[in-house]
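Subject: Structure handover

Hello,

Here is the structure I promised you. Please open it beside this email and follow along.

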Amino acid sequence: MKLPSRDVMARQAEERIAGPQIRLPRRVVERPLRQVGKRLLMALGVLVLTVLIVYVDRAGYHDNANETLDFLDCVYYATVTLSTTGYGDIVPYSDTARLANILLVTPLRVLFLIILVGTTLEVLTERTREEFRLNRWRSTLRDHTVIVGFGTKGRSAIQTLCATGLSKDQIVIVDPSNKVIETANADGFVGVVGDATRSDVLLRAEVQRARQIVIATQRDDTAVLVTLTARQLNRGAKIVAAVREEENAPLLRQSGADAVITSASAAGRLLGLSVLSPSAGTVMEDLIQQGSGLDLVERPVTKAEAGRSVRETEDLVVSVLRGHRLLSYDDKAASPLQPTDRVITIVRAAPVTPLTTPPQD
């Protein structure tokens, strides 16, 4: 088996420094600097409005230094009034000035403090809100699907799962790249930043309570280590892994994978089939691509189909799953169908929405 490449080692070093993190998808994404800038503009607007109110009625104010107020004195009075309770050197003495302070300046002071204090409280409570969301997410997450790797294979697997009715909040993605997890969050998925070969990273993805685990890493040796770790944490989950080299498939099965897909060999066989029969290759590619043309679907036997032959079903039956036995459509034992059977059929596909392509490192 090959040793990890330099880019993989660099990702692992980066992840060790930052530590595993859980990223929940955000509904509204706005840059912090933009939020602060908006609040500063609002505070400046309140200050300018207060200065204008004081300057218009400056004759109703008394300054202990020179008794009259100029524009600079109005700015000074508005500043200390909004930010503090005032120093008493400039005071309103006319009825009009005092009424303006009660009805206008005081509400503006409260608004000014709300803007500043609200910004501070939002920064201080952001971590608390995030912890609350994480705790609520952990408490409600059960029988979910963990996807290790959000590359081409991982995204295709997610598209297939979502096309079958699996909701996005039941999918957790694990990947060592921050950029990839940010892309997954933008698509509405929960992501965990970290190396999936480590048990603490998989525990953050709640893999011990997962129903299905899809391992779609870029390297076969990484897939073996992830499979071993995942199987150790969850004995009952269904683990499906992808490998590039067919010689590594037995290692995945010995590590605990229930199903192993050899991507390189499958692509090679499809190429050879396309050379021998382009039409047959087109049909196979159509079956592989989810959401276009024809799809392979596993479903239970309906009441109307129970007791009938596989050739009498509404859909085109390819295989019959009876208990732990997978029977071919031409197997004599496959017919008649039993109520507890599940059939694998070819059906007309419904289009699915493609996922966002993550940025390349």
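A salt bridge is a side-chain nitrogen of Lys or Arg within 4 Å of a carboxyl oxygen of Asp or Glu. Keep that in mind for the pairs below. Note too that this is a predicted model.

**Confidence**

The mean pLDDT of the protein chain is 79. Of its residues, 81% reach 70 or more. Be careful at the start of the chain. Residues 1-10 have a pLDDT below 50. That stretch makes 14 contacts in the model beyond near neighbours in sequence. Residues 13-17 are also below 50. Here the model has eight contacts beyond near neighbours in sequence.

**Salt bridges**

The whole structure holds 10 salt bridges. Start with R322 and D341. Their closest N and O atoms are 2.8 Å apart. R322 sits in strand β11 (residues 316-322), and D341 sits in the loop between β12 (325-328) and β13 (342-348), so the pair ties together parts that are 19 residues apart in sequence. Are these two residues buried or exposed? Both R322 and D341 are buried.

Some salt bridges share partners. They join R138, E206 and R209 into one network.

Next, look at D143 and R211. They form a salt bridge too, with the closest N and O atoms 3.5 Å apart. This pair links distant parts of the chain. D143 is in the loop between α4 (95-140) and β4. R211 is in the loop between α7 (199-204) and β7, and the two residues are 68 residues apart. D143 has a relative accessibility of 43%, so D143 counts as partly exposed. R211 has 49%, so R211 is partly exposed as well.

D200 and R198 make another salt bridge. Their closest N and O atoms are 2.9 Å apart. D200 is partly exposed, at 31% relative accessible area. R198 is partly exposed, at 28%.

Strand β11 runs antiparallel to β12, and four bridges join them. R322 has R325 as its bridge partner in β12. The hairpin of β11 and β12 has two residues between the strands. In this hairpin, G323 takes a positive phi near 70 degrees. β11 also runs antiparallel to β13, with five bridges joining the two. There, L316 has I346 in β13 as its bridge partner.

**The seven-stranded sheet**

Now find the open sheet. It is made of seven strands, in the order β1-β6-β5-β4-β7-β8-β9. The pairing is mixed. Which strands lie at the edges? They are β1 (21-23) and β9 (259-262), and each pairs on one side only. Neighbouring strands of the sheet are turned by 15 degrees against each other on average, direction ignored.

T145 stands opposite I171 in β5. V148 has V174 as its bridge partner in β5. On to β7: four bridges join β4 to β7, and these strands are parallel. T145 stands opposite Q212 in β7.

In a regular strand the side chains alternate between the two faces of the sheet. See how β4 is packed. T145 and I147 are on one side, V146 and V148 are on the other, and all are buried. Both faces of β4 are covered.

The chain crosses from β4 through α5 to β5. This β-α-β crossover is right-handed.

**Helices across the sheet**

Which strands does helix α5 (residues 152-163) lie across? They are β4, β5, β7 (212-215) and β8 (238-243). Helix α5 runs at about 160 degrees to β4. R155 is found in α5. The relative accessibility of R155 is 13%, and the cut-off for buried is under 20%, so R155 counts as buried. R155 and A216 are 61 residues apart in sequence. In space they are 9.2 Å apart, C-alpha to C-alpha.

Helix α8 (residues 220-233) lies across β4, β7 and β8. Helix α8 runs at about 170 degrees to β8.

Best wishes

Methods
Residues numbered from 1 in each chain as written. Predicted model: local features only at pLDDT ≥ 70, side-chain atom pairs only at ≥ 80, totals over all residues. Heavy atoms only, no water. Pairing = 2+ DSSP bridges. Axes fitted to C-alpha atoms, helices over the stretch in contact; angles between N-to-C directions. Contact = heavy atoms within 4.5 Å. Buried < 20%, exposed > 50% of the residue type's maximum accessible area, 1.4 Å probe, protein only. Right-handed = clockwise from strand over helix to strand, strands pointing away. pLDDT = per-residue confidence, 0-100.
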